[in-house]
Amino acid sequence: MEQLGFEGMPRRLYACTPTRLGTWLDCPRRYRMSYLDRPMPSRGAPWAHNSLGASVHNALAGWWRLPARSRTVTAAGDLLDAGWLQDGYADAAQSAVHRQRSRSLVEDYVAGLDPAAEPVGVERTVATRTDAIAVSGRIDRLDDRRPPDGGPGELVVVDYKTGRHRLTVDDARTSLALALYALAAGRVLRRPCITVELHHLPTASVLAWEHTPDSLARQLSRAEDIAAECADADERYKVAAAGGPPADELFRPRPGPGCGWCDFRSHCREGSAAAPQRLPWDGLSVPDDAPAQPRGPAGGLAAPDLPAGGLVFPMASASGRARSGCL
């Protein structure tokens, strides 16, 4: 039975995550299969690059949870080895090559960190709400950056990246997720949080953006607009499932080259026609000393893309307080 509305009743908030909002923007059909269809359609095989990324993230999170005296370079590598996820690799040999490479990435990264610089949070969930949405997400690391004179500092959102493609400052500037994390962290902890950073381990670089209150407000407004579309789509889906007008047009796919990477490609005729199926290990970069591996239908295992622009600074500079604009 539909609930009756009364004038002056508070509007129900739309609960969401940045991932959910991003999925709607990328492809409404994938959104429907991910969040609305029940049972959820079967997914494709696991991706090796996702396993690699999760292994690195888990190792770095575990490193910060160790006592400060135990946060050594070797300890980070050992955590990577102990928690290595092998799903998606072509074989044990390929997995071993990327495990050793990932160990080096993690060890090189923590070698530039101060083990005593305790983060405010690691894998910390933050949330905030407006009159329209209740948004939540998990931050890889939340730093407390203070100037050398010991004056008031600020919170900085840190997001680890392990993908083969090089990033630019625009990736940090335009990230809806990072902006929402900064907003939520600042509100929850009642401290300034306007700087967001992408730490790209393969290139040992930090890409940072210092938001303004206006730019954060614009990102929040953008999230509310996307959430309004999602809420409308969710409601129309429920009506259609109950025998009302069909909502298929609302969940039309957006086919393109990315369809080769979609977990639901086998359930989408347009997506299957738009791009060849990628092999589970096609998203991996190729270490210089790696043996030849099977290649995907479209080539796969491509070399990392070079940035078209933006400022990239050495990873070591992340230990200082972010400057205005970008780091």
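Which helices and strands do the buried residues of α5 pack against? The close-up views below, drawn from a predicted model, take up this question and then turn to two single residues.

**View 1. Helix α5 and the elements packed against its buried residues.** The buried residues of α5 are Q94, S95, H98, R101, S102, R103, L105, V106, E107, Y109 and V110. An α-helix has 3.6 residues a turn, so residues three or four places apart point the same way.

**View 2. The span of helix α5 and the cap at its N-terminal end.** Helix α5, which comprises residues 92–111 and thus has 20 residues, reaches 28 Å from its first C-alpha to its last, close to the 28 Å expected at 1.5 Å a residue. The N-terminal end of α5 is capped by D91, a side-chain oxygen of which lies 3.2 Å from the backbone nitrogen of A93.

**View 3. D159 in strand β4.** D159 has its place in strand β4, and its relative accessible area is 13%, so D159 counts as buried under the 20% cut-off. Leaving aside neighbours within four places in sequence, D159 is in contact with D140, L178, E197, L198 and H199.

**View 4. T162 in the loop between β4 and α6.** T162 lies in the loop that runs between β4 and α6 (169–173), and T162 is counted as buried because its relative accessibility is 14%. When neighbours within four places in sequence are left aside, the residues in contact with T162 are L52, G53, V56 and P202.

Conventions:
Residues are numbered from 1 along each chain as its sequence is written. This is a predicted model: local features need pLDDT of at least 70, side-chain atom pairs count only at pLDDT 80 or more; totals for chains, interfaces and linings use all residues. Side-chain values use heavy atoms; hydrogens and water are left out. Helices (H or I, at least four residues) and strands (E, at least two) are DSSP runs, numbered from the N terminus. The expected span of a helix is 1.5 Å times one less than its number of residues. Buried means under 20% relative accessible area, exposed over 50%, partly exposed in between (1.4 Å probe, protein chains only). Contact means heavy atoms within 4.5 Å. A polar contact is a pair of N or O atoms within 3.5 Å; within protein, one must be able to donate a hydrogen and the other to accept it, and residues adjacent in sequence count only if both atoms are side-chain atoms.
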